[in-house]
Protein chains: 2
Amino acid sequence: MIRREASRGTGRPTLAEVAKLAGVSQITASRALRNVPTVDPENVAKVKDAAKALGYVPNPAARTLASARSQSVVVLVPALANQLFIETLEAIHAVLHPRGFEILIGNFHYSKEEEEELIRNYLSFQPCGMLLTGFDRTEASLRLLEATGVPRVHMMELSRTEDVHSVGFSQEDAGAVVARHLLSKGRRRLAYVAAQLDARVVQRGEGFKRALAEAGVLDRAVEIKVADPSSVELGGELFQALLNDHPDIDGIFFCNDDLAHGALFEAQRRGVPVPERITFVGFNDLPMSAHTVPRLTSIRTPRAEVGEHAARLLLQLIGGSETARKSIDLGFELMVRESG
Amino acid sequence: MIRREASRGTGRPTLAEVAKLAGVSQITASRALRNVPTVDPENVAKVKDAAKALGYVPNPAARTLASARSQSVVVLVPALANQLFIETLEAIHAVLHPRGFEILIGNFHYSKEEEEELIRNYLSFQPCGMLLTGFDRTEASLRLLEATGVPRVHMMELSRTEDVHSVGFSQEDAGAVVARHLLSKGRRRLAYVAAQLDARVVQRGEGFKRALAEAGVLDRAVEIKVADPSSVELGGELFQALLNDHPDIDGIFFCNDDLAHGALFEAQRRGVPVPERITFVGFNDLPMSAHTVPRLTSIRTPRAEVGEHAARLLLQLIGGSETARKSIDLGFELMVRESG
DNA sequence: TACAGTCAAGATAGCGCTATCTTGACTCTC
DNA sequence: GAGAGTCAAGATAGCGCTATCTTGACTGTA
């Protein structure tokens with residue numbers, strides 16, 4: 001029988017070969033490539049040259065097995081179907097990938113149960129860090145996260161307690177800003193139209209109603225909430241329903257721009273002048289919102305910035321920094337345009 | 001000094017513990033959990049019970065290291081910034097995740113060089129399969145893929161040769177269908193407006209022009225191509241430029257719906273009646289296109305179906321099937337709406 | 001009864017790295 | 001100049017699995 005060069009294994013160069021070529025021990029080569037500071041710079045250069053000459057690429061499985069910690073960061077988002085989290089993911093990637101981290105993306109489709117299963121599954125990969133969306137999850141999820149002690153940063157909302165790290169902005173304040181804006185335009189008969197009722201959508205509504213209460217017009221306000229996923233189509237339907245049931249509504253805050261876009265199309269179709277008869281305000285400021293007819297007033301949310309800062313904060317935590325800031329508030333901005 | 005239970009390792013139950021509890025050897029436990037058919041069903045039951053009792057979860061790093069093959073499938077897409085590939089990714093996930101595969105998503109931002117780097121990087125994870133977008137990549141990328149022999153399926157386009165597997169539809173035919181539709185509406189002065197010039201966008205344009213040539217109106221056609229990323233804003237700008245330079249254009253084929261949406265907004269703003277003066281046709285049929293004013297005629301592409309079939313085909317290849325179909329044509333559909 | 005053939009189960013030996021302990025050369029101090 | 005302290009480099013021993021070879025019980029045949 002013919003003797004194979006390698007009956008098992010990948011056939012790719014290994015650390016042992018790099019070490020041999022560099023004339024050092026394997027563990028020194030390992031340390032050199034990981035930039036462990038106790039290695040003589042001369043040896044570091046020899047090892048890195050050897051690695052390059054051989055085209056050596058570390059085997060992540062072996063690394064993970066030996067160190068009981070991977071170079072992966074898990075990011076859990078509630079949806080990929082809209083651009084919101086894509087921009088955040090891109091920003092996270094831009095920070096972490098150049099530093100050698102792999103990113104495992106989990107989409108839990110706004111389901112706490114699905115998120116719990118993802119957490120369970122991804123923890124088996126021994127990630128070195130996790131980026132999570134918000135704070136609203138199952139008890140079991142929380143226990144799993146606490147038990148493993150993997151560094152983590154929560155995105156999009158700000159924590160009220162001091163024991164977790166978060167990067168985001170105040171969803172409630174954003175809702176209140178929208179309310180005050182509509183009031184400043186002389187609107188008094190206001191509505192909050194929401195779908196996909198996650199914690200953040202609810203918080204926006206709370207802030208909105210809080211501000212209306214302060215202005216004494218809450219009793220005349222209307223709230224439409226449906227649990228269905230947001231879509232352009234749903235926005236049109238909800239607008240139509242609202243118009244039928246409450247024809248005197250003069251200002252609407254949509255929980256996101258998708259709904260607002262659908263409502264804009266429907267308003268145009270029905271000949272309802274926006275903003276003359278009804279003022280529209282959206283949320284998230286999707287790129288399209290600056291171009292619709294009329295252009296949509298919306299809350300610009302720092303989606304990319306949240307990803308970037310969360311990733312940087314996580315890097316500090318992975319590096320063992322105790323001085324890392326607990327919470328980073330990145331704020332938001334009301335983009336006032338033609339719709340109100 | 002206090003003796004630790006485990007100074008290294010994860011602290012989680014291992015296969016050895018499962019085997020001990022089940023009263024079999026470790027390798028039998030390993031085989032039982034992987035459903036290797038040579039194990040006595042009684043032993044399989046004992047092992048699976050023991051695993052459940054201990055809350056055992058396999059360590060993927062150890063698996064990958066020992067078998068030189070991970071349970072990961074790499075999916076490389078040119079963009080995440082629009083919904084196109086998200087739907088494909090969701091469908092892939094729905095097929096592969098329940099079967100225990102992990103999905104590594106790589107976004108190469110329409111850059112062949114970036115794709116090459118991603119391929120290099122992801123191959124170090126020893127994926128058991130790859131799903132790629134199209135056929136247009138660097139020579140080095142091709143060599144890497146060939147050298148490793150990892151099963152792969154190409155998505156979105158159909159291969160012209162018989163040596164690779166592909167799932168998609170004919171981009172050229174889709175372009176030709178649009179051309180014939182516009183001609184059937186009596187339009188003769190036609191334009192193709194394209195951005196983000198990847199291979200598929202070019203193929204659509206080729207099919208469009210081929211059909212115009214067959215109808216003898218190619219010499220009056222206009223083509224606007226820019227390499228910039230597609231966006232709603234760009235669609236408006238390109239429409240405006242087109243209108244200035246060629247005021248007699250009476251039909252436009254946009255290479256994607258984003259551009260068409262932007263042009264629709266711009267047309268409305270400038271009082272250009274669509275479809276009365278100019279007919280618009282988009283591509284991809286994004287969810288919003290059925291709701292714009294006017295509703296957009298577009299080519300509906302089988303994005304989710306491509307993902308699903310590609311994943312299924314890949315599963316066959318991973319399983320060693322030689323009988324797997326080489327190419328699956330899923331077609332497309334012209335959705336005729338108000339814009340033309 | 002003896003023999004080859006079959007097959008489930010086990011023993012053994014890694015996969016390619018890194019944690020940990022040890023070594024030995026070198027400094028510094030009194 | 002002996003002892004303690006420092007520090008880069010190496011030896012050793014796994015991490016938790018699976019590929020591969022081996023074993024031994026069992027079958028069927030002549």
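Which side chains meet in a salt bridge at 3.9 Å, N to O? The views below are of a predicted model, in which local features need pLDDT of at least 70, side-chain atom pairs count only at pLDDT 80 or more, and totals for chains, interfaces and linings use all residues. Residues are numbered from 1 along each chain as its sequence is written, chains are lettered from A in the order in which they are written, and side-chain values use heavy atoms, with hydrogens and water left out.

**View 1. Salt bridge between A:Glu338 and B:Arg269.** The side chains of A:Glu338 and B:Arg269 meet at 3.9 Å, N to O. A salt bridge is a side-chain nitrogen of Lys or Arg within 4 Å of a carboxyl oxygen of Asp or Glu. The rule finds two salt bridges across the interface of chain A and chain B.

**View 2. The interface of chain A and chain B.** Contact (heavy atoms within 4.5 Å) joins 44 residues of chain A to 44 residues of chain B. The buried area is about 3,900 Å², with 60% from carbon and sulfur atoms; it is the accessible area (1.4 Å probe) that two parts lose on being put together, summed over both.
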